[in-house]
Amino acid sequence: MTATHATFDTFVFDLDGTLLDTLPDLVVVTNQALAELGFPPRSTDEIHSFVGNGVRALMYQAVPENTPDTQAEEALAHWKALFPTYKNDLTKPYPGMPEALARLGERGVRLGVLSNKFDAGVQQVMNQFMPGVFSVMHGECEDIPRKPDPTGLLRTIGELGSKPARTAYVGDSPGDVRTARNAGTFSIGVAWGYHHADELREAGADAIVATPEDLLHFAGM
């Protein structure tokens, strides 16, 4: 963990690769959507490399190269139709994360989620695995463009009744670091997600944490 004395009363979290390990279920749903259109499956490593920029980017990369946009959009529509019916039974919170969130809540820290996952997917997954933990949860939608655009993060902070200077944004990708910088918040990178900690350092993360418990060092009221 990067040493710092800065503390914050508001924490906003990325979802996939930060709060929850959703990759195994993303592999299943993505390959099922591809199969329904007769496309070949993708490996876990391939789908891993596609995640982080929203489901449209995921499916446009998952379909075979040179696939017409009309068919890529059809694959995307299949994915979005499948997701609400899928049990996400392979998804799990990262070890220690529920306990760390509970301790942050006990300290009165304001908690929010901002993800590039489509908004309905954010609500579905978070209410399934972490119901009642976060006061504000947003994903990509008409009013919230994809990160690293700071619009969603600034909106989330405002709805939490806080300010960027009092907020830490926690994520696992260089894009999350850029989002924090664009919004004027402190950036905490997590070492357990879908990107190597070195990528987060190179992107300019203000701190890197090795475990969810380390987040408590940054919590203050």
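Predicted model: local features only at pLDDT ≥ 70, side-chain atom pairs only at ≥ 80, totals over all residues.

Student: Through which helix does the chain cross from β4 to β5?

Tutor: The chain passes through helix α6 (residues 119-129), and this β-α-β crossover is right-handed.

Student: How many bridges join strand β1 to β4?

Tutor: Strand β1 (residues 10-13) is joined to β4 by 4 bridges, and these two strands also run parallel. Here Phe 13 stands opposite Val 113 in β4.

Student: Why is β4 described as largely enclosed by the rest of the structure?

Tutor: A residue counts as buried when its relative accessible area is under 20%. In β4, 8 of the 9 residues are buried, so the strand is largely enclosed by the rest of the structure.

Student: How should I read a pocket?

Tutor: Rolling a probe the size of a water molecule over the atoms shows where empty space is left. In this model the largest pocket has a volume of about 440 Å³.

Student: Which residues lie nearest the centre of the largest pocket?

Tutor: Of the 28 residues that line the largest pocket, Val 51, Gly 52, Asn 53, Gly 54 and Asn 116 lie nearest its centre. The elements giving two or more residues to this lining are α2 (44-50), α3 (55-62), β4 (110-118) and α8 (174-183).

Student: What is the make-up of the lining by class?

Tutor: The lining of the largest pocket has 10 nonpolar, 11 polar and 7 charged residues.

Notes
Residues numbered from 1 in each chain as written. Heavy atoms only, no water. 1 Å grid on protein atoms, 1.4 Å probe; cavity = no way out; pocket = protein on both sides within 12 Å on 5 of 7 lines; lining within 4 Å. Points joined across faces, edges and corners; volume = space filled by probe spheres on them. Nonpolar A, V, L, I, M, F, W, Y, C, P; charged D, E, K, R; others polar. Buried < 20%, exposed > 50% of the residue type's maximum accessible area, 1.4 Å probe, protein only. Pairing = 2+ DSSP bridges. Right-handed = clockwise from strand over helix to strand, strands pointing away.
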